[in-house]
Every structure is written in structure tokens, then in C-alpha cells.
Amino acid sequence: MLPAVFSHNKLTSLISSSMTMAPLKELDGQLGRSIKADNLENSFSLSDGKLIVDGVALLTEVPSNVTLTDFSSVFQSSNAPPEIFHRVQGLSHHGGFLGFDVEEASDRVTNSLGKFSGRDFVSIFRFKIWWSTQWVGTSGSDLQMETQWVLLNVPEIGGYVLIVPIIEGSFRPALHPGDVGHALLCAESGSIHVKSSSFKAIADVHVCENPYNVMKEAYSAIRVHLDTFRLLEEKTIPPLMDKFGWYTWDAFYLTVDPIGIWYGVSEFNKGGFSLRFLIIDDGWQSVNLDTDDPKKDAKNLVIGGEQMTARMHRFDKGEKLRSYRGGTVLPPSVPSYNPMRPKLLIMKAVEIEQAEKQRKAAAEFGVIELSVFDAH
């Protein structure tokens, strides 16, 4: 069993906002400061096909083309505040960077980092275009595709190791599952014209006795290294956070429309709550399927996730909101609205979805009469 400290909400609250794809920043007139922690032996070593942390083999069968580089060998310069820089400097011996070289340059390169099994882990993986969630397991083969980081429990040393794929140059990496316990790292540029065969710092690895602190320490090191994002501690809470507002997604999902929004706001007002801001989420409905008219939005999207297999064709609000005309919801001609409408639409959509799945399964089993699976 995983220890109770593996709390998704608490762990992810320590992580900064998304890192942008950008090269290391060269600061005019600023020399890179020394990052090496004096007289401290690095916690990680790589030898005889093993990635070792404080004397314990974390990964075995590590391919010979995988490299481990300490922080000072990769670091150039940083805009990080002095207190963050010095914190990273003092803890640099607790981490390092993994890389690898391949013979042929490509825009998409996959390489094993080694294998592990019988070791509890918690991870975050991207399971749809813009959504991530938690996953747990005990071996490299248990990882999910597009894993963004993995936190390994290492009770032999009373600590935890975090592995975070990080951007290198024009390549975006992620962890993938491999066979017989291997953990794969896939790096891709997204363009057949941008290729590489060598990566020196494509993943950060860090160890700490506390699973919460390891997140903060590792992301601090990555922040200093990449210099393309800021940590939460560097940011200030916007004034908007002190105001009461409404976000429409949980009320409507993809059934959102102007009339429903107007009634929602009026209900808050009747209850004595004055909204100071309103966030309208149309579920990214400016999309269409490959079989649709490429210039028109897909129709009848209801269930959250239906739009995930479509392509976005415009950075604009969905058609239901674009077609609204000012004054439509003003008295005396306010349109009627059934507050149960979103729920009823979603229930019907789920019914249709289930019927389509059953029809498909029946057809695969050779059933000829399929009308019984039609949703009405």
C-alpha cells in the first residue's frame, strides 16, 4: 500500500504553473554563478547498468547510452531570486540530470531509462489533450503514456525519488511504460524538420526524505535550470481571489448557453449573492471532427470529453455563445428556462453513448439485428 502522504492535491499544490518551451536564457552582463555544493558527494551515481541513489539500486538494466550529469555541469545562468538560487545550490548534490544518445537523429526518440519493479510510485499523466490525473503502480510497466512525473518510494533509504521529464531545446519529453518493468522516455519536437540524437538534460532526478519537500526542491532546481517559469513562492495572489464569482463549467458542462447563464446569475442574485466576476466556459466547442465541415463547429456536443477527438479550428467561443444577441434576456421578454435541462441533456447523451457502445460490441460478435440497441 502507498503511504498516506501520497496526496494528489497536496503534492500538485507545490508545483508551479506549466513550463513553456524556451531555451536557457542568457543574461546580458550576468555571469553564471557556481551551483556546486562544496565537499558534498552526489546522492546519485550510474555504474554497471544501475542508477544508484545513496547506495540503493533505483533502476537496473540501464542502457549504456544513458547518462547522468550533475547540476553544475549543465547549469549556465539564471534569473532566479537569490534565496531560491542559494537553496538550489545547497541541495544540488541531491539531484542531477538524465540524458541519452542515439545513433540516428529523429523528431521523436524513445529510449529506456532502465527498469524497476516492486517499488511503490505515484505519478501524474496526461490522459487527454489538456487534462492530467493521478496514477499509482509498482513497476516501470505500470506507468501510463504521457507521464509528466513519477515519485518513487525508496524505504531502503527512508526517502523518495522524483523523476521529472523536462524540456531540452525544442524537444518535449514524457515517460512511457515499457516491457518487463522498463521505464521509457519519449522526446519529441512536433516537427519532422527538427531532429536530434543527443540529450544531456532531458529529465531531472532528485531525492529527499520527505515526499512534499522533494517536489519543491526538484522544481526549484528545474526553475533555476530552465529559467522559463516562476515558482508559486515568487508569485503574488491576484486581487480577484478575494472576490466572489461563478465559473459555469460544473453547472453546464457542454450544455452551456446564454439563457442558462442569465438564469444562473439571477439565482445568485435572488439568494443575496452579488457576483463580482463571471467565468464562462464553453468547453472548447470551437472544434470539428475530420468528417465535419472544417469551417463549422461540431454539433450536439453534450458530454464532457466528446470534443477530445476533434480538432480546434478557431480560437473563439462556441457557436451557441457567438450567436447571442444583446438584449435577448432582458425583461419583459425573458425566455423560459428549465434548470433541469443540463442534467436531462447529459443523461440522454449518456444513454445514446451506451447504446452505441453496445451496438458496436454486438456487431463485433456477429449480431445481425442491431435495432434493439437504438436509443430513443
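This is a predicted model: local features need pLDDT of at least 70, side-chain atom pairs count only at pLDDT 80 or more; totals for chains, interfaces and linings use all residues.
**Surface and overall make-up**

I then checked burial: 40% of the 376 residues count as buried. For secondary structure I noted eight helices and 17 strands. I also looked at contacts with a separation of 6 or more, and 70% of them are between residues 24 or more positions apart.

**Nonpolar cores**

I went to the largest nonpolar core, which has 30 residues. Leu58, Val161, Ile163 and Leu185 touch the most other members. I listed the elements that give two or more residues to this core, among them β3 (56-59), β10 (159-165) and β12 (182-188). The largest share, five residues, comes from β13.

Leaving aside neighbours within four places in sequence, I found leucine 58 in contact with Leu51, Ile52, Val53, Lys115, Phe116, Arg119, Leu152, Val154 and Val161. I also noted a second, separate core of 28 residues, including Ile84, Phe85, Phe97 and Tyr160.

**Helix α6**

I turned to α6, which covers residues 258-270. The helix has 13 residues and reaches 18 Å from first C-alpha to last, close to the 18 Å expected. Which of its residues are buried? I found Pro258, Ile259, Gly260, Ile261, Gly264 and Ser266. What do the buried residues of α6 pack against? I traced the packing to β14 (245-247), α5 (249-252), β15 (277-279) and α7 (319-322). Last, I checked what follows α6 and noted glycine 272, with a positive phi near 90°.

Note on methods. Residues are numbered from 1 along each chain as its sequence is written. Side-chain values use heavy atoms; hydrogens and water are left out. Helices (H or I, at least four residues) and strands (E, at least two) are DSSP runs, numbered from the N terminus. The expected span of a helix is 1.5 Å times one less than its number of residues. Buried means under 20% relative accessible area, exposed over 50%, partly exposed in between (1.4 Å probe, protein chains only). Contact means heavy atoms within 4.5 Å. A nonpolar core is a set of buried Ala, Val, Leu, Ile, Met, Phe, Trp, Tyr and Cys residues joined through side-chain atoms within 4.5 Å.
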